[in-house]
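Here is a short briefing on one protein model. Please keep the sequence and the 3D view open as you read.

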Amino acid sequence: MVIRMKELQIALIQMKSGKGEITANLQSIQEYTRQSKAKGTEIICFPEMSITGYIDPGAYPQAVLNPTSDPVQQVLNISAIYQVVIMAGLVEKNAGGKPFITQIAVHNGKLVAWYRKITIADDEKAWFSSGNTPTIFPYCGVNIGLSICADIGNEALFAEYAKGGADIVFESASPGLYGEQATRNWYSGYNWWRSECYKKLGKYAKENQMYIAVSTHAGRTVDEDFPGGGYVFSPEGNCLYSTADWSEGPLYATATF
């Protein structure tokens, strides 16, 4: 008997998203999608808040979106043009309180998943509400889970994904770097986030026998810097693919199921 395997071609985008600069961010998302499709990519993962930028929602109220907002529809349109799965992030309006940090997945012009970040970091709690539901969606026989940034410290979430049958979890992140921008040490910031991913996500991948792929916000914004870094960890816990440094750009990878 021949066992057929699925090879999933993915792109992990290390992208700078300007705060509240939705038009420019969407242009970057479309251009990275075009480039990735030309490489044969099926699934493209952008960082946390890639549509809106990593914002204080009180300072950028015009950038707080909902599922029917035009920028969200534009991401759906991009996925329809290029016939791919796109995962992208935004700040989502919450009628019942503080906004959510949300990652969407769209495919061929349709919304297929909507995940609200469960693990809110201490320095985010004044701005954001937490979600409470893990999200898994299917693509060509592969079950895909979504996680966001501080979820990296939530070991139970990845175990929950494994119990739910997830074959791969995409971690979309925007870990802000500490210290003054003028004296920023990018090398140490990049290495700190890289170490966190190897130590925690590599462990979760092995324990739960799943792939974990990481896409990270990169570069300097008006008041904050981000370390970049793309990674793919195998079900054995090994890092199969890694970016060379903190630069913006795509990491292309193949996962076999």
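Just after helix α3, G165 takes a positive phi of about 95 degrees. Helices (H or I, at least four residues) and strands (E, at least two) are DSSP runs, numbered from the N terminus. This is a predicted model: local features need pLDDT of at least 70, side-chain atom pairs count only at pLDDT 80 or more, and totals for chains, interfaces and linings use all residues. Residues are numbered from 1 along each chain as its sequence is written, and side-chain values use heavy atoms, with hydrogens and water left out.

**Helix α3**

- Helix α3 covers residues 155-163, and L157, F158 and Y161 in it are buried. Buried means under 20% relative accessible area, exposed over 50%, and partly exposed in between (1.4 Å probe, protein chains only).
- Seen down the axis of α3, its buried residues fall within an arc of 95 degrees, so they line one face of the helix. The arc is that of the directions from the helix axis to the C-beta atoms.
- A156 and K163 are exposed, on the other side of α3.

**Helix α2**

- The buried residues of α2 are P71, V72, V75, L76, I78, S79 and Y82.
- They cover an arc of only 155 degrees around the axis, which puts them on the same side of α2.
- These buried residues pack against α1 (22-38), β3, β4 and β5. Contact means heavy atoms within 4.5 Å.
- Q83 follows α2 and has a positive phi, near 55 degrees.

- Strand β4 (residues 100-107) has 7 of its 8 residues buried, so it is largely enclosed by the rest of the structure.
- β4 pairs with strand β3 (residues 85-92) in the antiparallel sense over 8 bridges. Two strands pair if DSSP finds at least two bridges between them.
- V85 has H107 of β4 as its bridge partner.
- β4 also runs antiparallel to strand β5 (residues 110-116), joined by 6 bridges. Here V106 stands opposite L111 in β5.
- The hairpin of β4 and β5 has 2 residues between the strands, and N108 takes a positive phi near 50 degrees.

**Strand β1 and its partners**

- Strand β1 (residues 7-14) has 6 of its 8 residues buried, so it is largely enclosed by the rest of the structure.
- β1 and strand β14 (residues 249-256) pair in the antiparallel sense over 8 bridges. Q9 stands opposite T254 in β14.
- β1 runs parallel to strand β2 (residues 43-45), with 3 bridges joining them. I10 stands opposite I43 in β2.

**S129 in its loop**

- S129 lies in the loop between β5 and β6 (136-139). At 15% relative accessibility, S129 counts as buried.
- S129 and I101 are 28 residues apart in sequence, yet 7.8 Å apart in space, C-alpha to C-alpha.
- Leaving aside neighbours within four places in sequence, S129 contacts several residues, among them N94, G97, F100 and K117.

**Aromatic rings**

- The structure holds 10 aromatic pairs. Rings of Phe, Tyr and Trp (its six-membered ring) pair if their centres lie within 6.5 Å; planes under 30 degrees apart count as stacked, over 60 as edge-to-face and the rest as tilted.
- Y198, Y231 and F233 form one aromatic cluster.
- The charged end of R116 sits over the ring of F100, 4.3 Å from its centre. A charge sits over a ring if NZ of Lys or CZ of Arg is within 6 Å of the ring centre and within 35 degrees of the ring normal.
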